[in-house]
Amino acid sequence: MPDASALEEFGLEVEHENHALVTNAGSSAASSNSNSHQFASFSNRKQPISPSKDQLSLLASTNVKYTKLRINATQKRGVLKWSFLVIIIAAIIVFFNIEQEEMIDEAITPEDTEAKPDHKTYHLLRPKIKAQDDVAPVIVDDKREKEDHNELLEQSQPAEDNDPDNNDTEEKNEEITTDEPADNENETVETLEQSAPDEDEHDTIMSEEKPSVEGSFTLDRLKATREAAQNLVSMLENYYNGADQSKNMMLESWLVPWNFDPQTNDTDKILMKDKIVDTMARALVTNDQKEFIIGSIGSSVAAGHDNCNFDSYERQMEQTFGPVWEAAGMELVCQNAGEGGGCGDDFANQVFCIKQNVSPNIDIAHYTWTYFEVGSDNDKVLEARESLVRWAQMLPRQPPVHVFNTFELPGKPYMPADTDAGGTMMEYELARYYAKYGYNAFYMRSGYAKGGYDYTTAFKENELNHFEANHIGDGYHNVTRYGENEEDPNRKASLGVVMRNWHPGPLAFQFVADTFSYLYAKSMLEALDRIEGEINNGKDPLDTWSAKKRKTMLKTSLPKPKVCDPLYCTVDEAPGCINYERPTYGWWGAKVEDPNDNFNPHKGEVQNWELWLDGQEMDYGMGFQNKIKLFFEDRDDKEVCRHLDGCGAISATSKDSGSVVFRLPKQEVGLVVLCGCCGKDIATEMFLNNPDIEIRYNGKLLDPATWDIWPNGKCVRLLKKFGAASAAAATTGHNYLAVKVLENIKEPVRISHLITL
């Protein structure tokens with residue numbers, strides 16, 4: 001149905017055309033009669049209208065014979081009868097259509113109006129589901145599935161339908177709409193990158209009808225989930241010698257210790273716990289959410305190098321915590337975006353890529369770049385962490401950020417043999433400052449020390465260092481749980497290693513996985529108690545925790561930053577990033593434009609850059625652990641060992657490569673950063689001091705004298721922000737960045753990242 005403005009415009013057009021016909025008729029009459037009052041009295045005279053020559057011609061062309069219309073008194077009565085009959089029939093038809101619309105409305109479920117990620121269509125005429133299967137109307141917040149990185153590599157000109165920004169009205173977009181227009185002109189429509197609306201806005205987006213029963217998370221499922229979570233907690237407490245020791249090792253070894261005691265009066269701890277409990281509750285009751293996603297960004301520690309990928313803490317956490325989510329009818333997915341140091345990345349540039357390296361729909365973010373923080377400027381470290389915490393709150397599910405550090409708590413060394421990495425006391429302040437958003441950091445060796453084992457005596461009296469390379473046993477256990485029944489003695493011994501070198505071994509990774517699983521299981525149990533309380537009080541948990549009830553976060557919602565640059569960390573959206581390295585699970589920001597696209601400002605120029613990937617053998621990332629290679633090389637399940645990470649770039653090797661043109665996403669600040677591959681300090685030679693390239697922004701040649709190396713040595717900042725002194729001018733549409741190699745190119749130019757904000 002057209003809206004009111006469209007109807008009004010149509011009515012004005014009809015009125016205008018009618019007036020033109022009357023005017024033409026009147027003019028014709030005036031020209032044939034000298035009486036100046038004849039046209040003035042036209043509307044009061046009962047005489048037929050004579051059509052103009054043009055109108056007669058038009059009627060003739062449609063094979064309609066024109067005659068003057070004369071109706072006598074008898075005909076008038078007949079016409080009135082027929083008119084009255086037509087009106088009655090029309091009223092019946094309208095009433096029937098209304099009944100049909102009501103039937104269709106009843107048949108439409110919220111799932112019918114959800115965006116289908118595979119086909120991006122709506123299915124509006126499915127059979128009505130039974131009452132016990134009814135689901136509450138919720139907004140889809142899991143709006144994109146994991147992107148296949150191999151597909152990205154095969155498509156150097158990504159399709160338009162992968163653009164989550166939808167900010168150019170002249171181009172295609174994927175704004176989610178229904179076939180019916182909004183009744184409210186001010187109604188906002190959710191796009192793929194928007195998070196759920198504020199509580200007071202949801203009625204304008206989805207149906208106001210209240211569900212008659214709770215959502216798909218029923219009491220039976222609640223009980224099954226609670227049993228699975230309780231079993232996990234009990235198993236871990238038994239494994240770590242009781243509830244008290246488990247609490248000390250896995251809850252007290254954080255910057256801000258976790259406290260599930262309802263009598264606590266520590267406001268920061270209450271807020272921090274409430275955030276993670278809320279995260280669990282929303283995932284459990286939101287009907288359309290089928291996965292609970294933990295996304296990990298970090299170094300080779302996160303990747304699990306010097307081990308099988310299967311032994312990494314993320315894979316072990318899926319095995320440990322996954323059954324609890326299975327009981328809830330969901331799947332635990334741990335996205336491991338950890339990578340080795342060979343590509344030259346570190347925390348400074350990779351935090352900008354949180355929305356691509358892992359899914360933007362993560363429920364919890366893990367940060368494991370702590371090895372690279374050692375020796376770095378503390379302010380730079382804290383700036384990256386704080387920025388990540390703030391950007392994470394701009395993602396659809398507003399995930400808390402949890403840090404995994406292999407060392408001890410800052411300023412609290414206990415372990416012998418130089419096992420404390422230092423750090424700064426500002427970390428404690430930052431954790432409490434962002435407690436409301438769930439931010440916290442776990443320190444592995446502090447966890448071991450808090451369990452009660454006397455590592456100092458073992459070291460001083462027995463010269464036993466449990467954290468030296470390839471030591472077997474952590475003082476509590478000598479092998480992982482899944483290694484207890486291992487028959488191969490070499491594999492079993494390998495599964496008891498605490499530290500391979502600077503990388504943890506399987507036994508230490510098990511402790512890390514257990515720590516996160518223990519915390520999250522206890523949080524889930526409290527979430528289940530709260531959900532059950534709502535149900536027992538006759539309330540639908542969806543009214544409290546569905547995705548559409550999550551408050552929308554804006555930059556004004558966050559507190560003033562302590563360390564990070566407000567220009568970049570006080571924004572309404574997380575940065576955009578295209579990252580050609582592997583693996584990635586989320587949305588890429590900029591895209592390589594089709595050379596023949598009409599919007600490409602360099603259409604007609606040579607654009608032949610190619611994708612480049614380093615080759616990875618099966619044993620990549622296993623280091624010198626030959627026993628691991630030998631154990632798995634002839635097994636059918638050897639693929640569980642393969643690591644996922646690797647370097648990659650879009651590359652130019654000669655003048656024949658020409659240009660690569662990137663279409664940038666919507667920019668809030670005007671920041672543009674290029675990173676090169678591969679090495680920690682490659683940006684100076686490859687970009688800043690390279691006379692064989694030229695870079696243009698919206699067709700304007702950029703001056704290298706205005707660039708700087710930032711935020712680390714592999715990246716160059718081309719544009720800092722929008723402004724009069726910058727080539728970056730604020731626009732409402734897409735901007736374009738073109739990198740061109742000149743005839744004298746001596747070395748390949750390889751771009752691993754393009755960061756925008």
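**Disulfides and an open sheet**

Cys353 counts as buried because its relative accessibility is 1%. Buried here means under 20% relative accessible area, exposed means over 50%, and partly exposed lies in between (1.4 Å probe, protein chains only). This is a predicted model, in which local features need pLDDT of at least 70 and side-chain atom pairs count only at pLDDT 80 or more, while totals for chains, interfaces and linings use all residues. Residues are numbered from 1 along each chain as its sequence is written, and side-chain values use heavy atoms, with hydrogens and water left out.

Cys353 has a partner. Cys353 and Cys577 form a disulfide, with 2.1 Å between their sulfur atoms. A disulfide is a pair of cysteine sulfur atoms within 2.5 Å. The link of Cys353 and Cys577 is right-handed, with 65° about the S-S bond. Cys353 sits in the loop between helix 10 and helix 11 (354-357), and Cys577 sits in strand 6 (residues 576-579), so the pair ties together parts that are 224 residues apart in sequence. Helices (H or I, at least four residues) and strands (E, at least two) are DSSP runs, numbered from the N terminus. Cys577 also counts as buried, because its relative accessibility is 2%.

How many disulfides are there by this rule? The count comes to six. Their pattern is 1-7, 2-8, 3-6, 4-5, 9-12, 10-11, with bonded cysteines counted along the chain.

Another of these links joins Cys343 to Cys647, S to S 2.1 Å. This link is left-handed, with -105° about the S-S bond. Cys343 lies in the loop between strand 2 (331-338) and helix 10 (347-350), and Cys647 lies in the loop between helix 21 (626-632) and strand 9 (648-652), so the pair ties together parts that are 304 residues apart in sequence. Both Cys343 and Cys647 are buried.

A disulfide also joins Cys677 to Cys678, S to S 1.7 Å. Cys677 is buried, at 3% relative accessibility. Cys678 is partly exposed, because its relative accessible area is 28%.

Five strands form an open sheet in the order 7-10-16-12-13, and the pairing is antiparallel. Strand 7 (591-592) and strand 13 (700-701) stand at the edges with a single partner strand each, so one side of each is left without a neighbour in the sheet. Two strands pair if DSSP finds at least two bridges between them. Strand 12 (residues 693-697) and strand 13 pair in the antiparallel sense over two bridges. Which residue in strand 13 is the bridge partner of Tyr697? That partner is Lys700.
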